[in-house]
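Here is a short briefing to read with the structure open beside you.

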Amino acid sequence: MSNGTPLGDFLRARREALKPHDVGLPEYGRRRVPGLRREEVALLAGVSSDYYIRLEQGRESSPSAQVVEAVALALKLDAEAADHLNRLCLNASQRPRHWGEAEVSQQLLQLMDGWEHTPAFVVGPALDIMACNSLATALHSGFDRFDNLARMVFVDPAGREFYQEWERAAHSCVAEIRAAYGHDPESARIAEVVAELSDRREEFAALWKMHEVKSKSQEGKHLKHPEVGDLNIKFAAFTVNGAPHQQLIVYQAEPAGPTATAFETLRAMAVEPKQARAAEPQQAQAAAPVADLAGKEQ
């Protein structure tokens, strides 16, 4: 993903995103580099210029908690970005184990299947769709595959129509993957998704280099389904107990509103194919795994 270190890349990106006036420093003449100089960050953090330069160059990988806090303040990081910085300062032995992929529990699958009026799905660290209920499938039926949210936003032509606030969705996807990357910089799956999307879409590559960090939370979305039209939804994201790398995403509509009516239409559309299949001879079918990004797009 980079020739530098995760810590150094993050510090450099956040330093370059600041202007002197953002941190109360005077600005004289034309600057040869974007943002703050390394020496200015060192001054604000109360460390030597040589020490800060070693941090960015990867020659100092275990700063003290006091230094990390001082650098976070100097770079005006919010709480989530500061937590991300702290995680990047951990060595491999300090990171939580078993962060990789795991199957979605049967109990969670049954819970989602019972939500007939609520789209729900589970995503992994690289925003792969690990499981979903029938209404979530119907909601995303305009995409060629409901397999990875980042691919759907950046690569699938349906993404720019479905996500009415596309730029917001794009920033959100990249910032969420960046947050997951902070937990597991060695993740092969995150590296695969980032490399593929960076190669295919310049917008993704540019956003990835910004090192913005934001996990899923609770907010609204404006979507547009090709068959039922505009949808104004609220959503919430929940970390799955026993599988902290998984997130349960739940979409909700205002009761008795237009979006709730649209959800009912989608539910009916999802039920009809099931009824048709039930009338046919039963055949054993293996569940297809989520398709990999690489080499699957036209």
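Contact here means heavy atoms within 4.5 Å. With that in hand, please keep in mind that this is a predicted model. By that contact rule, Leu 149 touches Phe 121, Val 123, Leu 127, Ile 129, Tyr 163, Cys 173 and Lys 216, leaving aside residues up to four places away in sequence.

**Nonpolar cores**
- The largest nonpolar core has 45 residues, and Leu 149 is among those with the most contacts inside it, together with Phe 121, Phe 154 and Ile 177.
- Helix H10 (residues 166–183) gives the most to this core, contributing eight residues.
- Another core, of 29 residues, lies apart from it; Leu 7, Val 41, Val 67 and Ala 72 are among its members.

**Strands around S5**
- Strand S5 (residues 243–252) is largely enclosed by the rest of the structure, because eight of its ten residues are buried.
- Strand S1 (residues 120–123) pairs with S5 in the antiparallel sense over four bridges.
- Phe 121, one of the core residues with the most contacts, has Ile 249 in S5 as its bridge partner.
- Strand S4 (residues 229–240) also runs antiparallel to S5, and seven bridges join the two.
- Across that pairing, Lys 234 stands opposite Gln 252 in S5.
- S4 and S5 form a hairpin with two residues between them, and Gly 242 in the turn has a positive phi of about 85 degrees.

**Cysteines**
- A disulfide is a covalent bond between the sulfur atoms of two cysteines; this structure holds zero disulfides.
- Cys 132 is partly exposed, with a relative accessible area of 28%.
- Cys 173, which is touched by Leu 149, counts as buried because its relative accessibility is 6%, under the 20% cut-off.

**Salt bridges**
- Side chains of opposite charge can pair when their charged atoms come close.
- The count of salt bridges comes to 20.
- Glu 40 and Arg 37 meet through their side chains at 3.5 Å, N to O; Glu 40 counts as buried at 12% relative accessibility, whereas Arg 37 is partly exposed at 34%.
- Arg 54 forms a salt bridge with Glu 60, and their closest N and O atoms are 3.9 Å apart.
- Glu 264 and Arg 267 meet in a salt bridge at 3.2 Å, N to O.
- These two residues are three apart in helix H13 (residues 258–278), so about one helical turn separates them.
- Glu 264 is partly exposed at 32%, and Arg 267 is partly exposed at 25%.

Definitions and conventions:
Residues are numbered from 1 along each chain as its sequence is written. This is a predicted model: local features need pLDDT of at least 70, side-chain atom pairs count only at pLDDT 80 or more; totals for chains, interfaces and linings use all residues. Side-chain values use heavy atoms; hydrogens and water are left out. Buried means under 20% relative accessible area, exposed over 50%, partly exposed in between (1.4 Å probe, protein chains only). Two strands pair if DSSP finds at least two bridges between them. A nonpolar core is a set of buried Ala, Val, Leu, Ile, Met, Phe, Trp, Tyr and Cys residues joined through side-chain atoms within 4.5 Å. A disulfide is a pair of cysteine sulfur atoms within 2.5 Å. A salt bridge is a side-chain nitrogen of Lys or Arg within 4 Å of a carboxyl oxygen of Asp or Glu.
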